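User: I have a model open and want to go through a few spots in it. Can you take my questions one at a time?
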Amino acid sequence: MAMKIGRGWNRTFAGAVALTALAFASGCEREGTEQADGELLPPPAERASDGVFSSGAIQSVVDAQVARAGDRLLTFMEDGREPVRRRAAFAAASVQDEATRARLLQLLEGDDSELRADAAFALGQMDLPEGGTALLAALETEEDREVRTLLLGALGKRADAAALTTLAGREAPDGQEAAVAMALSRGLARDVVSEPILDRLVASLEHADPAVREAAAYGFGRSTELPLWEARLPALRAALSRASAEGGAASVGLAELHLIRALGRAGDTADLPAFLDRLSGASDWRLRVTAAQALAAESFLSEESAVDALVSALDDPSEHVAVAAATVLARSGDHRAPVLGRIAPRVVPGSERWRWMIPLLQPLIEEGEGARVLEWTRGMVGVDPTAVMHGARTLGVGGFLEAEDFLFELTESPEVIVQAGAVDGLGALWLLREGDEAAMTRYGVRFADMAHQAPTAAAIRAARYFALPSFEPLRNAMILEEALAVRLPFGDPYLTRGLAEAVVETGDLRREPQFRAMTGHADYRVRVIGAEALLELTGEVVDPDVIRALDPEREVDWRYLAEVGRHPRLRIETTRGEMVVVLDTEQAPLTVQSITEQVAAGFHDGVRFHRVVPNFVIQAGDVSVGDGTGGPGYRMRSEFTRIPFERGVIGMASSGKDTEGSQWFITHSPQPHLDGQYTAFGWLESGSDVLDRIMEGDRVIRITLERDTEGTESY
């Protein structure tokens with residue numbers, strides 16, 4: 001029987017944890033997109049409405065999508081109703097059943113442009129055994145602009161070198177040179193390249209349209225295989241020089257960003273003046289971040305002017321720039337000691353701008369400044385728990401044994417993330433203390449106690465360290481098994497998995513009966529964890545019928561979504577200000593349903609931004625654990641949409657297809673490589689200045705849902 005997400009799901013899963021995280025990193029920005037100054041973002045082009053709220057037939061297509069039933073989608077693609085066929089083609093992008101590919105290619109030949117658009121989008125999510133020749137053929141005769149754009153996108157994401165080389169030799173469809181350049185750039189980013197492809201991209205760097213230049217530069221900025229295009233460095237350098245002549249260092253342009261990223265990989269000091277100009281004078285903080293990151297090569301850090309610029313950037317108005325500069329300075333190789341000597345006096349506790357200090361803590365310990373790091377971490381207690389977490393972890397990883405007593409104190413902190421950081425620190429220090437019996441008792445008792453009683457994040461870490469062979473004299477396997485038995489009834493799947501993995505890590509085969517018992521548990525999540533533990537510990541494969549599916553099917557609640565409307569809004573109040581996000585219910589119904597119900601339950605209120613990567617994303621939504629590994633207690637299907645990851649787009653974090661839970665992110669700048677890899681389900685309507693100010697450790701105060709009454713259809 002399918003498990004349905006209704007408005008009472010929060011009572012069932014409150015306090016539980018999903019096994020969800022985002023292992024995540026730019027592209028071409030639309031004309032008119034704000035330049036980090038607070039303007040409203042124009043909404044992306046949308047897929048045409050298909051009346052999904054009121055059409056039972058289309059809802060059935062979505063149900064098949066959620067069930068990952070490619071055979072049912074094929075049937076719907078033969079339906080006599082155009083909206084049903086369109087939705088089936090669109091759904092195929094998320095299901096990604098290779099059996100639908102042949103039919104999707106046939107749909108490219110039909111008369112319905114909307115159907116061709118959905119088919120082209122879906123094909124961009126699948127492997128192309130013929131390398132993309134069929135898409136090239138369709139492009140040759142296609143007259144609809146949107147369909148051509150989606151065909152080009154599919155070629156960029158999936159075509160082989162032969163197909164992209166053919167594309168490079170063709171004249172672009174009218175007004176779509178940028179789309180062609182982006183397709184070729186996507187190929188270059190995948191290391192799919194040829195001389196004609198590089199020639200076309202280099203020529204596009206001189207195009208009069210800035211969108212074309214940005215799209216062409218993207219591939220060079222994204223590709224990490226310098227030898228593939230190293231011969232084109234003079235052309236990239238000339239393109240950057242032209243950009244400087246056109247607007248100077250104060251100009252804003254993502255083409256410059258990509259070019260600087262590409263040139264930075266070469267480490268040629270001839271490019272240093274251009275980088276320094278952007279670092280000190282660019283108006284867009286994203287460009288300043290990129291300029292700082294480009295200075296990471298040893299050849300640049302041997303130049304006093306580069307070091308001076310990076311040190312000055314620690315005072316940049318944008319904390320993102322300061323963090324980027326500090327990260328580069330921390331890696332300054334042979335020149336690190338004198339560089340750190342300049343910076344160390346500035347690493348003082350109590351500062352609100354503490355985030356740039358984090359990358360420097362480990363190098364400071366390595367340079368004999370462990371006492372300074374310990375003083376800094378102590379001084380941050382009561383200022384910010386995220387800072388203390390980083391400091392505690394670094395003290396241990398850095399092997400600063402003088403911090404041992406302090407780290408034990410922090411394991412009793414009221415802040416969960418501080419406890420977790422302290423346990424990580426102690427775990428690292430224990431590796432230096434192995435063989436000391438008194439230390440073994442002290443560490444082992446604390447780890448065992450935390451495995452039994454600490455909050456999830458700290459308990460899992462403590463269990464992992466207590467599972468080390470050096471704690472066998474304390475009967476660690478038995479104690480961990482007891483902790484698992486004690487905490488299993490609380491229904492926290494993340495904690496259950498962490499403790500089970502720790503027991504398995506001990507290798508004690510006497511623990512097998514507990515895992516066997518778990519395979520018969522009422523909660524499917526416990527059954528799965530027990531089966532996986534048995535397999536790892538004994539090699540036994542449990543009958544699939546025992547555990548069924550990893551995630552019981554969840555149904556979309558269409559009545560609820562009709563009440564929410566086509567474009568509901570999330571008003572996100574943060575410690576830095578307010579953002580408003582518009583959601584697209586039609587394209588991502590299950591995602592919108594889940595997130596809005598979580599919001600209504602208050603799960604996201606008070607949650608911290610646990611991950612912020614300058615010029616990439618801000619990420620929050622760990623509603624249970626707090627360290628970036630938690631979620632709502634269930635996994636959700638991916639819903640790949642036609643919303644591109646441009647600046648200000650909201651997406652769902654995941655650890656792979658169909659593993660979404662509650663964590664979400666918003667992009668600082670265009671990220672084309674995320675398209676079709678993560679669920680994009682809305683865009684920022686206001687608060688872009690807040691987006692740019694949010695840093696790790698900031699919090700969501702509350703999120704409120706505003707229903708779209710104008711976009712609501714009767715059920």
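User: Arginine 475, buried or exposed?
Analyst: Exposed, because its relative accessibility is 55%, and the cut-off for exposed is over 50%. Keep in mind that this is a predicted model.
User: Where is arginine 475 found?
Analyst: Arginine 475 is in the loop between helix H28 (456–466) and helix H29 (476–487). Its phi is positive, about 60°, although it is not a glycine.
User: Is asparagine 615 buried or exposed?
Analyst: Asparagine 615 counts as buried because its relative accessibility is 4%, and buried means under 20%.
User: Back to H28. At what angle does H28 pack with H30?
Analyst: The angle between H28 and helix H30 (residues 493–506) is about 10°, and the axes are 8 Å apart. H28 and H30 are therefore roughly parallel, as angles under 35 degrees count that way.
User: Which residues make the contact?
Analyst: From H28, Thr456, Ala459, Ile460, Ala463 and Arg464; from H30, Tyr494, Leu495, Gly498, Leu499 and Ala502. By class, seven residues of this contact are nonpolar, two are polar and one is charged.
User: What about H15 and H17, how do their axes cross?
Analyst: Helix H15 (residues 254–266) and helix H17 (residues 285–294) cross at roughly 5°, with axes that come within 9 Å. That angle makes H15 and H17 roughly parallel to each other too.
User: Which residues of H15 and H17 meet?
Analyst: On the H15 side, Glu256, Leu257, Ile260, Arg261 and Gly264; on the H17 side, Arg286, Leu287, Thr290, Ala291 and Ala294. The contact of H15 with H17 has five nonpolar, two polar and three charged residues.
User: Changing topic. How many residues has the largest nonpolar core?
Analyst: The largest nonpolar core has 221 residues, and those with the most contacts inside it are Leu104, Phe220, Phe515 and Trp664. Helix H20 (residues 319–330) gives this core its largest share, nine residues.
User: What does leucine 104 touch?
Analyst: Leaving out residues up to four places away in sequence, leucine 104 touches Met77, Ala89, Ala92, Ala119, Ala122, Leu123 and Met126. There is also a second, separate core of twelve residues, with Val617, Val649, Tyr678 and Ala680 among them.
User: How many residues of H6 are buried?
Analyst: Nine of the eleven residues in helix H6 (residues 113–123). The buried ones include Arg116, Ala119, Ala122 and Leu123. They pack against helix H4 (82–95), helix H5 (101–107), H7 and H8.
User: What happens at the start of H6?
Analyst: A side-chain oxygen of aspartate 112 reaches to within 3.0 Å of the backbone nitrogen of glutamate 114.
User: Last one, glutamate 142. Buried or exposed?
Analyst: Glutamate 142 counts as buried because its relative accessibility is 10%. It sits in the loop between helix H7 (133–141) and helix H8 (145–158).
User: What does the side chain of glutamate 142 reach?
Analyst: It reaches the backbone nitrogen of aspartate 144 at 2.9 Å, and it makes a polar contact with the side chain of arginine 116 at 2.7 Å. Not counting residues up to four places away in sequence, glutamate 142 touches Arg116, Val147, Arg148 and Leu151.

Technical notes. Residues are numbered from 1 along each chain as its sequence is written. This is a predicted model: local features need pLDDT of at least 70, side-chain atom pairs count only at pLDDT 80 or more; totals for chains, interfaces and linings use all residues. Side-chain values use heavy atoms; hydrogens and water are left out. Helices (H or I, at least four residues) and strands (E, at least two) are DSSP runs, numbered from the N terminus. Buried means under 20% relative accessible area, exposed over 50%, partly exposed in between (1.4 Å probe, protein chains only). Axes are lines fitted to C-alpha atoms, for helices over the stretch in contact, and angles run from 0 to 180 degrees between N-to-C directions. Angles under 35 degrees count as roughly parallel, over 145 as roughly antiparallel, 65 to 115 as roughly perpendicular and the rest as oblique. Contact means heavy atoms within 4.5 Å. Ala, Val, Leu, Ile, Met, Phe, Trp, Tyr, Cys and Pro count as nonpolar, Asp, Glu, Lys and Arg as charged, and the others, Gly among them, as polar. A nonpolar core is a set of buried Ala, Val, Leu, Ile, Met, Phe, Trp, Tyr and Cys residues joined through side-chain atoms within 4.5 Å. A polar contact is a pair of N or O atoms within 3.5 Å; within protein, one must be able to donate a hydrogen and the other to accept it, and residues adjacent in sequence count only if both atoms are side-chain atoms.
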